[in-house]
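Please find below a colleague's note on the model under review. It is set out as numbered points.

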Amino acid sequence: MSKPTHILVIRLSAMGDVAMAVPVLRVLAQSYPELKITILSRPFFKPLFEDIPNLDFLEADVYGKHKRLGLIKLAKGAKALGVDAVADLHNVIRSKVISNCLKWKGLPIATIDKGRSEKKALVSSQGKTEGFKQLKTTHQRYAEVFKKLGFPIDLAKHIAPDRKRLTPKLNALIGVESKKLIGVAPFAAHFSKMYPLNLMTEVIAHLDASDRYQILLFGGGKKEIEQLKRLENPFANVVNVAGKISFEEEIALISNLDLMLSMDSGNGHLAAIFGVPVITLWGVTHPYAGFTPFNQPESHQLIADREKYPLIPTSIYGNKFPKGYDEAIKTITPEAVVSKIRTILS
């Protein structure tokens, strides 16, 4: 069988998982410049892939025209583009329907191994050493899919893209003063992964008082925007950008940060795409599960106290935890966060 020349890559959601595919696809394109890549994902995520050569974007409207039988239409559309192999980085029902349609047409299919048994053992370790170990990262699991198709890649060879040019609108938001730009993304899908806003306020107060940093607040949704407005108000060097800019503008702004402070959530992954240092605060989840932002060292991971909360990680995604464990992230002190920021930016 001849080697594929045009790979359909499927990763439909969520934002962090889609963002983690970006550096992997960038290395793939850099390593095999003759290879054509088509990424199938939600239209919202298209700006993430614009700087990758030989890559086209195929929009998946899985809640509209591509719902149910529309997935078959989507597979036919991909085949019409000339794809001759499929890399399923999602491994859910929707991606399997698309993959199987193309498999029946004779295309080779490679699917991600999510390591469910290893992740189950990690969650079940409950303070023991057995099973509590660093698992493969999601980036490595993505890379393995391409290896199955005959395209091994070395993620250590990743070359981060240049910072994106800031528009006059974005320059007006951040101001003209020459200060280090710090992004703060205090929200996550589950509150057990969120640093309490009163503690985050302490962090921001310390940074603001130094007058050395410009702090940009990131978030989305009506409730988050209102909370960020209240967080912004008392401080001279804090700007809430949530609700004021498009996703494409947000990406450009993030690419220009000097540091991102994030929860175990998508914004940290967006910053890591551009080689921005990311500090991640971990509550009931843990970096051993493999969701650390790309190329970020262990020293950038601030983890809740496992001596006080030995059952961490209580789940892979933070949606399950014993009573009281939603307090675990409070064991990361504001002083520790500020100290880490200053160390990285010094």
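1. Basis of the note. The model is predicted, so to speak of local features a pLDDT of at least 70 is needed, side-chain atom pairs count only at pLDDT 80 or more, and totals for chains, interfaces and linings use all residues. Residues are numbered from 1 along each chain as its sequence is written, and side-chain values use heavy atoms, with hydrogens and water left out.

2. Five strands, in the order 3-2-1-4-5, make up an open sheet with parallel pairing. Strands are DSSP runs of E with at least two residues, helices are runs of H or I with at least four, and both are numbered from the N terminus; two strands pair if DSSP finds at least two bridges between them. Strand 3 (55-59) and strand 5 (109-111) each have a single partner strand, so one side of each lacks a neighbour in the sheet. From one strand to the next, the twist averages 20°.

3. Strand 2. Strand 2 (residues 36-41) is largely enclosed by the rest of the structure, because five of its six residues are buried (under 20% relative accessible area, 1.4 Å probe, protein chains only). Five bridges link strand 2 in parallel to strand 1 (residues 6-10), with I10 opposite L40. Strand 2 also pairs in parallel with strand 3 over five bridges, where S41 has E59 as its bridge partner.

4. Helices on this sheet. Helix 1 (residues 15-31) touches strand 1, strand 2 and strand 3, and its direction makes about 175° with that of strand 2. Helix 5 (residues 138-148) touches strand 1, strand 4 (85-88) and strand 5, at about 160° to the direction of strand 5. Angles run from 0 to 180 degrees between N-to-C directions, and axes are lines fitted to C-alpha atoms, for helices over the stretch in contact.

5. Six strands form a second open sheet, ordered 8-7-6-9-10-11, with parallel pairing. Its edge strands are strand 8 (238-240) and strand 11 (301-303). Three bridges join strand 7 (residues 213-217) to strand 8, and L217 is partnered by N240. Helix 8 (residues 222-232) lies across strand 7 and strand 8, at about 165° to strand 8.

6. Helix 9 and helix 10. Helix 9 (residues 247-255) packs against helix 10 (residues 266-273) at about 60°, with the axes 9 Å apart. The contact (heavy atoms within 4.5 Å) involves F247, E250 and I254 of helix 9 and N267, L270 and A271 of helix 10.

Definitions and conventions. Buried < 20%, exposed > 50% of the residue type's maximum accessible area, 1.4 Å probe, protein only.
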